[in-house]
Amino acid sequence: MTQIKNIGVYTSGGDAPGMNAAIRAVVRSAIYYGIDVTGIRRGYDGMIKGDMFPMDRKSVSNIIQRGGTILKTARSEQFRTPEGRKQAYENLKANNVDALVGIGGDGTFTGAHIFGLEYDIPVVGLPGTIDNDLCGTDFTIGYDTAINTVIDAVDKIRDTAESHDRLFIVEVMGRDSGLIALRTGIAAGAEAILIPESKTDLQSVFDRLERDRKDKKSKIIMLAENGVAGDAFEVGRQIKEKFPNYDTRVSILGHIQRGGRPSCMDRVLASRVGVAAVEALRDGHRNEMIGLIHNEIAYTPFEHALKHNVEINPDFLKIVEILAI
Ligand code: F6P
């Protein structure tokens with residue numbers, strides 16, 4: 001058992017629904033085990049500025065149901081520099097913080113990985129991003145809420161698509177990952193999806209529209225942002241040019257995907273990995289992300305958790321193709 005006295009907790013990168021439930025779990029389980037907790041505001045920026053405060057069980061009352069993050073979040077440029085990280089370490093020492101739990105995604109863990117190698121401070125991470133683009137967990141905190149927000153929106157868009165016989169290109173988030181588009185494409189009954197990871201290019205969408213030309217009806221095409229085919233407006237422009245018979249519209253869902261009350265799945269996931277993170281630090285873990293694989297707590301070294309290791313399940317693409325006949 002490692003003697004940890006004070007855990008610093010922070011959220012970093014894009015906010016995700018369920019981050020508050022994760023903060024609550026870390027704070028409450030640390031207190032349960034007799035460990036002090038320090039809240040760090042705005043992720044690595046707050047570490048560098050020394051923006052930290054002691055947290056108690058009441059600091060996390062009434063937040064489990066709230067989206068966003070009470071600790072606020074940021075993407076820190078300064079933490080990328082050795083000077084920034086040195087300043088962060090000195091501030092942690094000055095505040096008696098001797099272990100860290102970082103909640104975030106790829107950028108958060110890249111920073112945590114370097115920091116954990118440079119300085120003798122145990123750091124563990126919780127997967128908090130709507131993108132689900134991390135290895136070492138079946139789902140990230142925020143993904144379930146985000147995909148439910150997306151299908152709710154697409155169901156509404158489909159009402160108009162059906163009523164007007166329109167084709168909609170719906171662009172969803174994911175930075176450079178198509179996992180939101182893929183799953184919501186299946187759930188919303190999309191006719192086609194365009195994601196960066198697959199070979200599905202615009203030509204295959206054109207082929208499909210060509211086949212359906214005579215049987216013209218409403219259509220939903222799900223598009224992940226940052227795809228090779230361009231953004232939703234570019235895809236829409238090309239479709240309009242080739243198929244003027246389709247009444248085409250573009251809908252970009254944007255940041256509504258990041259907000260809102262976390263789903264039950266996200267709250268439970270956040271609570272489980274939050275408690276496990278504190279227990280992992282007590283057990284001497286460091287430089288690992290704490291996730292859930294097959295419903296069991298899983299520990300993955302930061303460098304393996306990063307998104308370039310994530311693969312798309314080809315069965316999902318096949319399902320879209322089969323069900324869209
Ligand atoms: O990583 C989460 C995410 O929402 C991505 O899906 C998206 O590309 C990015 O953040 C948007 O970031 P920002 O809110 O900084 O524009």
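Ile319, Ile322 and Leu323 make a nonpolar surface patch of about 290 Å². Areas come from Shrake-Rupley with a 1.4 Å probe. Ile319 sits in helix α11, residues 314-323, and counts as partly exposed because its relative accessibility is 33%, with buried meaning under 20% and exposed over 50%.

A word on the source: this is a predicted model, where local features need pLDDT of at least 70 and side-chain atom pairs count only at pLDDT 80 or more, while totals for chains, interfaces and linings use all residues. Numbering starts from 1 along each chain as its sequence is written, and side-chain values use heavy atoms, leaving out hydrogens and water.

Now the sheet. Seven strands form an open sheet with mixed pairing, in the order β3-β2-β1-β4-β5-β10-β11. Its edge strands, β3 and β11, each pair on one side only. From one strand to the next, the twist averages 30°, using axes fitted to C-alpha atoms and angles from 0 to 180 degrees between N-to-C directions. Strands β1 and β2 run parallel, joined by four bridges; pairing takes at least two DSSP bridges. Gly8 has Thr38 in β2 as its bridge partner.

| Strand | Residues |
|---|---|
| β1 | 6-11 |
| β2 | 36-40 |
| β3 | 52-55 |
| β11 | 296-301 |

Overall, the chain has eleven helices and eleven strands, which are DSSP runs (H or I, at least four residues; E, at least two). Of its 325 residues, 55% count as buried.

Note on methods
Patches are made of residues with over 30% relative accessible area and no salt bridge: like charges are joined within 9 Å, nonpolar side chains (Val, Leu, Ile, Met, Phe, Trp, Tyr) within 5 Å. A salt bridge is a side-chain nitrogen of Lys or Arg within 4 Å of a carboxyl oxygen of Asp or Glu. Buried means under 20% relative accessible area, exposed over 50%, partly exposed in between (1.4 Å probe, protein chains only).
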